[in-house]
Amino acid sequence: MKSTDLVVTPTCLRFMSRRFARTVGRSGVTDRKAEGDGATPRGTHRIVGMLYRPDRLKKPADWALPIRPSDLWSDDVRDPDYNLMVRKPHKYSHEVLRRADRMYDLIILTDWNWPYAIKGRGSAIFIHQWRGPGRPTAGCVGLSWTDLLWIAPRIQYQSRLVIV
């Protein structure tokens with residue numbers, strides 16, 4: 001592993017010789033990820049993008065893209081655009097990226113089951129703001145707002161999310 005990797009261990013997330021409190025999916029870490037299982041997939045996942053709410057924070061990195069009011073993420077296996085960003089209106093099940101709460105104000109995207117999704121293998125493993133210490137996600141990796149803001153501008157092109 002490299003110092004630029006974000007490494008999720010059973011007790012923390014390590015990045016650039018620092019340790020950060022983190023949360024994972026309500027079902028823990030798995031080798032057999034499936035849509036809706038609430039688990040975080042074990043493995044090495046490339047960081048492929050960053051999204052942010054421009055109405056709530058400054059651009060966290062040069063390569064970050066703004067979340068627009070109509071942006072969604074498809075999580076419906078029947079959708080031809082399963083596990084891709086889509087826009088309103090959208091007839092299939094999806095997650096709203098521009099949420100009323102602050103959980104998705106900054107999202108780091110991984111290549112889990114992307115860009116050529118296997119239907120049912122699970123959609124979108126993000127790194128995003130947690131609901132609080134010890135409060136699980138639906139399968140993503142959650143961090144405190146302060147830690148997420150510290151990490152985001154330091155991610156490099158070769159950074160990976162490694163879940164052990």
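Colleague: Which ring does the charged end of Arg 99 sit over?

Modeller: In this predicted model, the charged end of Arg 99 sits over the ring of Tyr 104, at 5.0 Å from the ring centre.

Colleague: And what does the ring of Tyr 104 pair with?

Modeller: Tyr 104 forms an edge-to-face aromatic pair with Phe 126, with 5.6 Å from centre to centre and 80° between the planes. Tyr 104 lies in the loop between β10 (94-96) and β11, while Phe 126 is in strand β12, so this pair ties together parts of the chain that are 22 residues apart in sequence.

Colleague: Are those two buried or exposed?

Modeller: Both Tyr 104 and Phe 126 are buried; for Phe 126 the relative accessibility is 1%, and residues under 20% count as buried.

Colleague: How many aromatic pairs are there by this rule?

Modeller: The count comes to four aromatic pairs. One of them joins Trp 73 and Phe 126 edge-to-face, with 5.4 Å centre to centre and 90° between the planes. That pair links distant parts of the chain, since Trp 73 belongs to strand β8 (residues 71-74) and Phe 126 to strand β12 (residues 126-129), 53 residues apart. Trp 73 is buried as well, because its relative accessible area is 7%, under the 20% limit.

Colleague: Changing topic, which residues have the most contacts inside the largest nonpolar core?

Modeller: That core has 23 residues, and those with the most contacts inside it are Leu 6, Leu 13, Met 50, Ile 127, Ile 151, Ile 155 and Leu 161. Among the elements that each supply at least two of its residues are β1 (6-8), β2 (13-15), α1 (145-151) and β14 (160-163), and the largest share, three residues, comes from β6. Apart from this core lies another, of 11 residues, which includes Trp 73, Met 103, Tyr 104 and Ile 107.

Colleague: What is Ile 151 in contact with?

Modeller: Leaving aside neighbours within four places in sequence, Ile 151 is in contact with Leu 6, Leu 13, Phe 15, Phe 20 and Leu 143. Phe 15 and Phe 20 are also linked with Trp 150 into a cluster by ring pairs, and the charged end of Arg 18 sits over the ring of Trp 150, 4.2 Å from its centre.

Colleague: One more, where is Ser 159 found, and why does it count as buried?

Modeller: Ser 159 is in the loop between α1 and β14, and it counts as buried because its relative accessibility is 1%, under the 20% limit. Not counting residues up to four places away in sequence, Ser 159 touches Thr 4, Asp 5, Leu 6, Arg 46 and Ile 47.

Conventions:
Residues numbered from 1 in each chain as written. Predicted model: local features only at pLDDT ≥ 70, side-chain atom pairs only at ≥ 80, totals over all residues. Heavy atoms only, no water. Core = buried A, V, L, I, M, F, W, Y, C linked by side-chain atoms within 4.5 Å. Buried < 20%, exposed > 50% of the residue type's maximum accessible area, 1.4 Å probe, protein only. Helix = DSSP H or I, 4+ residues; strand = E, 2+ residues; numbered from the N terminus. Contact = heavy atoms within 4.5 Å. Phe/Tyr/Trp six-rings, centres within 6.5 Å; stacked < 30°, edge-to-face > 60°. Lys NZ or Arg CZ within 6 Å of the ring centre and 35° of its normal.
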